[in-house]
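Me: I have a new structure to look at. Can you walk me through the model in plain terms?

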Amino acid sequence: MGLHGVKAVFFDLDNTLVDTAAAGRRAIEEVISALQAKHRYGEGEARAICDKVQAKLLKECHDPAKMCITDLRISHWEEAIQETIGGEANRDLAAECYYLWKTTRLQHLTLAEDTRGMLTELRKRVRLLLLTNGDRQTQREKIEACACQPYFDAIVVGGEQKEEKPAPSIFHYCCDLLGVQPAECVMVGDSLDTDIQGGLNAGLKATVWLNKAMTTPVDTSPVPHYIISSVLDLPAVLQKMEHNINAKLGTDHTASSNE
């Protein structure tokens, strides 16, 4: 049981374990089709509305104490429709678009069979924790939709904590949950700003950046310890880490024998 020096692996959710971006694209196409077929919008208008909503999602600042995520996101659609078409605000159409987008996105969020297999095997050797930023309701719905709960020893959602990634506090909270030290943990994620920077801030043993494109930016900052193009490459990285530790232990042992 366990790997030398590594007792736990923390995984990001969106675009690391599940392809949220692809599910989102499918959802947008569904809304565009509905706006055209059911509401007689032109394709250009329908796409413009959806583009505006996606821009609003990227800039979204959500305070759950002030407004629930559902109301906020219906407002995104309402504003986008009004900005594109003009006229009176249409809350009913906005709500229809939002719920279609949301349910379609959730339907297409799946934890791939090979990823399930990897997590199952990995969990025989180390403890696994899911660490995701985002609104509590939204992230819990995604977790439910992709049915990933059975593969983890613990699940931590940023929106339920005082601080999200990259704050060290949420990583240390995860360590406490599993009864491990930061220097015994590895963080795996697709975001340099939250996953990698957060892992470094918290003093984790290693950070593994999932870079599907494998096109390294000129200035990769922060610098991850390892880069993989698929989450399925993680076991090989852990093996490499173990090999390096074993080699170092062997060197240290030889050195002490010669003293």
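Reply: A definition to begin with: accessible areas come from the Shrake-Rupley method with a 1.4 Å probe, and for residues only the protein chains shown count as cover. On that basis the chain has an accessible surface of about 13,000 Å², and 50% of it belongs to carbon and sulfur atoms. This is a predicted model, in which local features need pLDDT of at least 70, side-chain atom pairs count only at pLDDT 80 or more, and totals for chains, interfaces and linings use all residues. Residues are numbered from 1 along each chain as its sequence is written, and side-chain values use heavy atoms, with hydrogens and water left out.

Me: How many helices and strands does the chain have?
Reply: Nine helices and six strands. These are DSSP runs numbered from the N terminus, with at least four residues (H or I) for a helix and at least two (E) for a strand. The C-alpha atoms fill a box of roughly 85 × 35 × 35 Å along the principal axes.

Me: What percentage of the residues count as buried?
Reply: 44% of the 259 residues. Buried means under 20% relative accessible area, exposed over 50%, and partly exposed in between, with a 1.4 Å probe and protein chains only.

Me: Which residues have the most contacts inside the largest nonpolar core?
Reply: Val9, Phe11, Leu119, Leu130, Phe152, Val186 and Leu234, in a core of 35 residues. Helix H9, residues 234–258, gives the most to this core, with four residues. A second, separate core has 20 residues, including Ala27, Cys50, Ile81 and Trp101. A nonpolar core here is a set of buried Ala, Val, Leu, Ile, Met, Phe, Trp, Tyr and Cys residues joined through side-chain atoms within 4.5 Å. In soluble globular proteins, nonpolar side chains tend to be buried together.

Me: What is Val9 in contact with, leaving aside neighbours within four places in sequence?
Reply: Val126, Arg127, Leu128, Leu129, Val186, Val188, Leu234 and Leu238. Contact means heavy atoms within 4.5 Å.

Me: Changing topic, how many aromatic pairs are there?
Reply: The search of the whole structure finds three. In one of them, the rings of Phe11 and Phe152 have centres 6.2 Å apart and planes at 75 degrees, so the pair is edge-to-face. Phe11 is in strand S1 (residues 8–11) and Phe152 is in the loop between helix H6 (136–146) and strand S3 (154–157), 141 residues apart. Rings of Phe, Tyr and Trp (its six-membered ring) pair if their centres lie within 6.5 Å; planes under 30 degrees apart count as stacked, over 60 as edge-to-face and the rest as tilted.

Me: Are Phe11 and Phe152 buried or exposed?
Reply: Both are buried. Elsewhere, ring pairs link Tyr98, Tyr99 and Trp101 into a cluster.

Me: Where is Thr207?
Reply: Thr207 is in strand S5, and it counts as buried because its relative accessibility is 0%. Beyond its neighbours within four places in sequence, its contacts include Met187, Ile196, Pro224 and Tyr226.

Me: And Asp219, buried or exposed?
Reply: Exposed, because its relative accessibility is 61%. Asp219 lies in the loop between strand S5 (206–210) and strand S6 (226–228).

Me: Which residues does the cis peptide bond join?
Reply: Lys165 and Pro166, with omega about 15 degrees. Pro166 is in the loop between S3 and helix H7 (168–178).
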